[in-house]
Amino acid sequence: MVDLSKITTNGKAIYLAYDHGIEHGPVNLKGESIDPNYILDVAVRGGYNAIILQKGIAEKYYPDYRDKIPLIVKLNGKTKLVGGEPLSTQVCSVAEAAELGAAAVGYAVYLGSEHEAVMLKEFGKIEQEAEQHNLAVIGWMYPRGKAIKDDSSPEIVAYAARVGLELGADIVKIKYCGSRECFAQAVKAAGKTKVVLSGGPKVADDKFLEVIRNIMAAGAIGTAVGRNVWQKENPLEITQKIKEIIFK
Amino acid sequence: MVDLSKITTNGKAIYLAYDHGIEHGPVNLKGESIDPNYILDVAVRGGYNAIILQKGIAEKYYPDYRDKIPLIVKLNGKTKLVGGEPLSTQVCSVAEAAELGAAAVGYAVYLGSEHEAVMLKEFGKIEQEAEQHNLAVIGWMYPRGKAIKDDSSPEIVAYAARVGLELGADIVKIKYCGSRECFAQAVKAAGKTKVVLSGGPKVADDKFLEVIRNIMAAGAIGTAVGRNVWQKENPLEITQKIKEIIFK
Amino acid sequence: MVDLSKITTNGKAIYLAYDHGIEHGPVNLKGESIDPNYILDVAVRGGYNAIILQKGIAEKYYPDYRDKIPLIVKLNGKTKLVGGEPLSTQVCSVAEAAELGAAAVGYAVYLGSEHEAVMLKEFGKIEQEAEQHNLAVIGWMYPRGKAIKDDSSPEIVAYAARVGLELGADIVKIKYCGSRECFAQAVKAAGKTKVVLSGGPKVADDKFLEVIRNIMAAGAIGTAVGRNVWQKENPLEITQKIKEIIFK
Amino acid sequence: MVDLSKITTNGKAIYLAYDHGIEHGPVNLKGESIDPNYILDVAVRGGYNAIILQKGIAEKYYPDYRDKIPLIVKLNGKTKLVGGEPLSTQVCSVAEAAELGAAAVGYAVYLGSEHEAVMLKEFGKIEQEAEQHNLAVIGWMYPRGKAIKDDSSPEIVAYAARVGLELGADIVKIKYCGSRECFAQAVKAAGKTKVVLSGGPKVADDKFLEVIRNIMAAGAIGTAVGRNVWQKENPLEITQKIKEIIFK
Amino acid sequence: MVDLSKITTNGKAIYLAYDHGIEHGPVNLKGESIDPNYILDVAVRGGYNAIILQKGIAEKYYPDYRDKIPLIVKLNGKTKLVGGEPLSTQVCSVAEAAELGAAAVGYAVYLGSEHEAVMLKEFGKIEQEAEQHNLAVIGWMYPRGKAIKDDSSPEIVAYAARVGLELGADIVKIKYCGSRECFAQAVKAAGKTKVVLSGGPKVADDKFLEVIRNIMAAGAIGTAVGRNVWQKENPLEITQKIKEIIFK
């Protein structure tokens with residue numbers, strides 16, 4: 001089993017997600033958040049366990065931060081422009097990620113999509129390669145597509161977490177299901193695969209921190225959040241509050 | 001021909017299937033059955049000939065059990081979330097399975113699906129690789145898809161068994177067709193390919209054991225059952241009863 | 001050009017086809033014909049030039065017959081369960097066939113199917129590999145799919161034979177077109193590619209032998225027949241009658 | 001740039017096309033024209049610059065003619081039986097063609113077909129391999145499919161010629177567009193890529209020779225014609241007339 | 001990061017695009033512009049930083065210009081003849097481009113097309129190969145397909161630019177969005193990825209130069225224009241005017 005110590009602190013973790021440029025477009029990158037250096041500075045100053053980037057940004061911006069913060073390279077991506085059933089294919093090899101200095105790689109599987117099989121297969125190969133490079137694998141396990149009525153129902157979130165375990169993810173990034181109890185079920189379903197919370201659109205601080213309190217109480221190891229940090233006026237302030245919950 | 005002695009006892013076998021996490025989701029893993037360690041303990045204490053796992057669970061849980069029970073790695077999988085014609089693609093290579101300590105590999109072919117050709121082709125390649133690794137191949141031969149009216153009719157079950165023989169499976173895992181007589185036909189159709197019973201949703205003990213009596217009398221070598229064991233309150237008790245039928 | 005002497009007698013040939021288990025299912029394998037050993041015995045005692053098997057049966061049954069009768073491995077297959085346009089993909093590599101002791105390999109191309117291109121491409125690669133292994137290639141040239149109105153019209157049968165020649169088959173297996181004259185046209189269209197008759201559902205002996213008389217007079221080198229032999233009560237008797245026509 | 005001297009005479013060329021067996025079927029191969037030896041004799045005695053064959057005919061008939069006439073192997077093909085958008089995939093590798101003694105390889109791209117991308121990609125790879133084998137590449141540039149209203153309009157023919165240049169064909173084989181003027185535009189569009197006329201159904205000699213006069217005046221280097229030669233009663237007579245136009 | 005000095009002057013650049021032969025056909029190549037030598041002469045005499053060609057034209061015309069002007073090879077292409085969702089696949093490998101003497105490679109991604117995933121994946125692999133050959137990668141980032149209502153809206157153009165950065169393009173070629181302000185947003189979205197203007201149909205000089213003034217003020221490094229140069233009567237005159245804006 002891969003050693004997660006490079007991207008955790010006492011088994012807990014806070015990751016800063018910043019792959020929104022391809023998934024959502026600059027419309028989600030208001031103000032300074034459009035600048036990768038701004039985000040990387042937040043990540044370093046906030047003491048994040050790792051920054052999550054697509055390979056292009058990693059290649060052009062990460063070299064200056066290589067000694068300051070670990071890197072997670074997201075290996076697949078798609079734009080929000082395409083209609084139909086979601087398909088996100090690999091745009092970066094594991095070898096490239098390793099060369100960029102990654103400590104882990106990420107890959108999103110849209111469970112329930114008509115293209116699920118394409119992503120499951122690709123995910124399986126990535127794991128095999130990641131092991132050869134001694135890199136951890138984080139699975140964005142996202143039920144999505146016209147067959148998915150509610151992608152944050154307790155049952156579906158626990159299912160997503162479990163698929164991550166079955167397929168060999170070291171960490172799964174899943175949505176919140178609405179309560180501490182159901183998230184605990186998802187954590188249980190994930191077994192030895194660690195669970196981090198996937199963020200979402202910006203919400204009020206109170207509500208957001210309450211969610212984090214719940215997922216940590218439920219057994220998650222932390223968060224992989226983006227917009228709810230860097231869309232805030234003071235990202236370091238909210239970071240501090242998140243860390244207090246996660247690491248204490 | 002591959003030596004099956006590592007996963008049989010005097011030519012008979014009882015396997016504990018536990019790949020339901022990806023195929024059905026945690027909704028099928030009530031109570032302790034969500035915990036792979038619980039299942040592996042049942043398998044060891046019950047004296048099973050092998051445990052059937054997806055690669056992720058094998059990687060994270062099997063190392064502690066490597067000397068206690070043989071491993072069968074299921075190489076493909078899909079979630080129940082996807083609609084349309086069933087397609088289950090390979091998520092684990094034969095080489096990975098070998099490295100995990102597998103004594104055999106499994107692969108499901110959905111005969112009659114519009115994607116049948118994809119799975120037949122993949123199954124063919126897996127066999128070639130498995131021979132190089134000296135691993136037995138178990139074919140989950142499941143007629144399924146909109147072209148299949150009744151996946152447990154005598155004719156369709158015998159057909160499924162035969163396809164396993166034609167393609168080179170060492171063992172086929174097939175459904176019950178309703179009687180000892182028709183199952184004997186399926187066993188005959190499978191020829192030198194061994195036949196094990198595929199379980200299904202939990203049924204009453206009496207009925208379940210009667211089925212096992214019938215398939216053994218029909219020439220099957222045993223069972224590859226999950227839910228009808230670990231969804232019971234006392235899995236070892238039912239295990240004992242199954243073993244009495246299979247091995248006597 | 002490949003040497004066909006291993007699978008012909010004075011340039012003529014009688015092959016016993018037995019790949020019906022995957023194509024049609026056990027429903028076509030009545031009585032003893034479900035047992036590969038029974039069929040292989042018929043082939044040996046009947047003095048056939050070769051037996052045609054899928055790789056699974058070849059692997060499990062042919063070792064005992066390796067010195068008694070040459071083997072032709074059919075490399076692709078599909079079940080009759082799938083609807084839609086026919087697609088039969090490769091399930092056995094040429095290298096595997098060679099290792100099984102094959103003297104030739106077979107591959108079915110469903111001309112006119114929407115998936116024709118997939119099969120033509122695969123057939124092309126098989127020929128290249130077969131040459132490296134010094135194996136003859138037999139093309140099951142079968143027009144089929146919704147674009148094919150009548151798969152045994154004189155024009156369509158001659159077309160099928162010709163495609164075999166154009167693509168490099170050493171032997172083509174084609175349907176009967178209804179008369180000696182039209183079959184002679186198909187033989188002419190096939191040029192230096194040899195032609196064998198593909199059988200079909202069981203018919204009366206008289207009619208069947210008359211067809212063989214016609215195809216031999218038309219220039220075919222023999223037959224690759226299954227059901228019209230082993231579905232008979234006395235396969236060796238009908239074999240003897242076929243051989244008298246082919247070899248005299 | 002590849003040396004075309006092996007398949008041209010003073011920069012001009014007359015090729016005998018004979019890949020109709022797969023594209024159209026024997027219905028187009030009346031009388032002696034069904035026999036490849038007959039066609040090869042015509043090619044040799046007529047002094048053609050090369051014969052165009054699919055790999056199967058090349059393998060079985062060309063060895064006797066290897067010192068008498070250069071060979072062009074057509075690498076892809078399809079039957080006319082398939083409906084829908086045209087797709088012709090590679091059935092012969094460049095390496096195979098080289099081994100068969102080819103001086104050049106041919107490949108048809110159906111521009112405008114929904115499968116255009118498949119053929120453009122394959123064509124690109126063929127060129128790369130052909131360069132490694134030092135073989136010329138001839139592109140059958142044929143606009144076809146439901147998006148193509150008129151495949152011999154001046155604009156479409158010039159477009160086809162140009163695509164050949166853009167992609168790197170050494171020679172393009174294109175249809176006649178109706179006049180010397182428009183063909184001159186196509187030749188101009190092709191630039192340093194040479195242009196040969198693609199034939200078509202048999203027409204009257206007068207009309208046919210007039211076309212050749214026009215395309216030569218327009219700057220083409222010659223013809224790649226089949227039916228208008230070997231469907232004639234005296235192929236050598238018409239050959240002589242074509243050559244007088246091309247080479248004088 | 002790749003060194004762009006071979007294809008820039010003090011960080012600025014003017015490229016002459018000439019891949020219209022495959023994308024639009026000769027109808028766009030009026031008069032002398034159909035002749036690659038004419039275009040290459042314009043490029044050399046105009047002092048362009050590079051010429052953009054498909055591999056076929058590069059192979060046949062660029063050797064005479066190798067010491068006079070750098071080459072950018074466009075690696076994918078499609079004709080305008082195909083209907084449906086746009087798909088442009090790779091027709092030239094990075095290795096071929098390198099051998100042709102390219103200083104950079106280009107690839108078009110039709111964002112929002114149903115085939116987006118095919119192109120994103122191919123683009124990702126190209127970048128990996130390009131790095132091994134030390135070649136810069138230019139992404140033609142073009143939102144297109146039925147999901148794209150307006151491919152030059154500010155939001156969509158900035159999105160396209162950003163995807164180039166996320167995926168690792170060294171330079172993106174994007175459309176004008178209508179104003180200096182919105183183009184500045186696109187440039188900002190592209191971050192360390194340089195931005196060049198993609199041309200379009202010929203427009204009046206005034207309007208065209210005004211656009212260039214705007215994109216340069218917005219932070220672009222230059223232009224990759226074709227028709228608005230070589231469809232003019234005096235291409236060198238307009239070139240001079242463009243250069244005055246870009247380099248001053």
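I count a contact when heavy atoms lie within 4.5 Å. By that rule I find that chain B and chain E do not touch. Their nearest C-alpha atoms are 19 Å apart. I looked up chain A and chain C as well: these do not touch either, with 19 Å between their nearest C-alpha atoms.

**Ground rules.** I am working on a predicted model, where local features need pLDDT of at least 70, side-chain atom pairs count only at pLDDT 80 or more, and totals for chains, interfaces and linings use all residues. Residues are numbered from 1 along each chain as its sequence is written, chains are lettered from A and ligands numbered from 1 in the order written, and side-chain values use heavy atoms, without hydrogens and water.

**Chain A overall.** I find 10 helices and 10 strands in chain A. These are DSSP runs: H or I of at least four residues for helices, E of at least two for strands, numbered from the N terminus. The C-alpha atoms fill a box of roughly 40 × 40 × 40 Å along the principal axes. The radius of gyration, taken over C-alpha atoms, is compared with 2.2 Å times the number of residues to the power 0.38. For 248 residues a compact globule would come near 18 Å, and the 16 Å of chain A agrees.

Of the chain A contacts between residues at least 6 apart in sequence, 70% join residues at least 24 apart.

**Asn28(D).** I then moved to chain D. Asn28(D) sits in the loop between α1 (20-23) and α2 (36-45). Is Asn28(D) buried or exposed? It counts as buried because its relative accessibility is 14%. Leaving out residues up to four places away in sequence, Asn28(D) touches Ser33(D), Arg227(D), Trp230(D) and Gln231(D). I also noted Gln240(D), 212 residues from Asn28(D) along the chain, with 23 Å between their C-alpha atoms.

Definitions and conventions
Buried means under 20% relative accessible area, exposed over 50%, partly exposed in between (1.4 Å probe, protein chains only).
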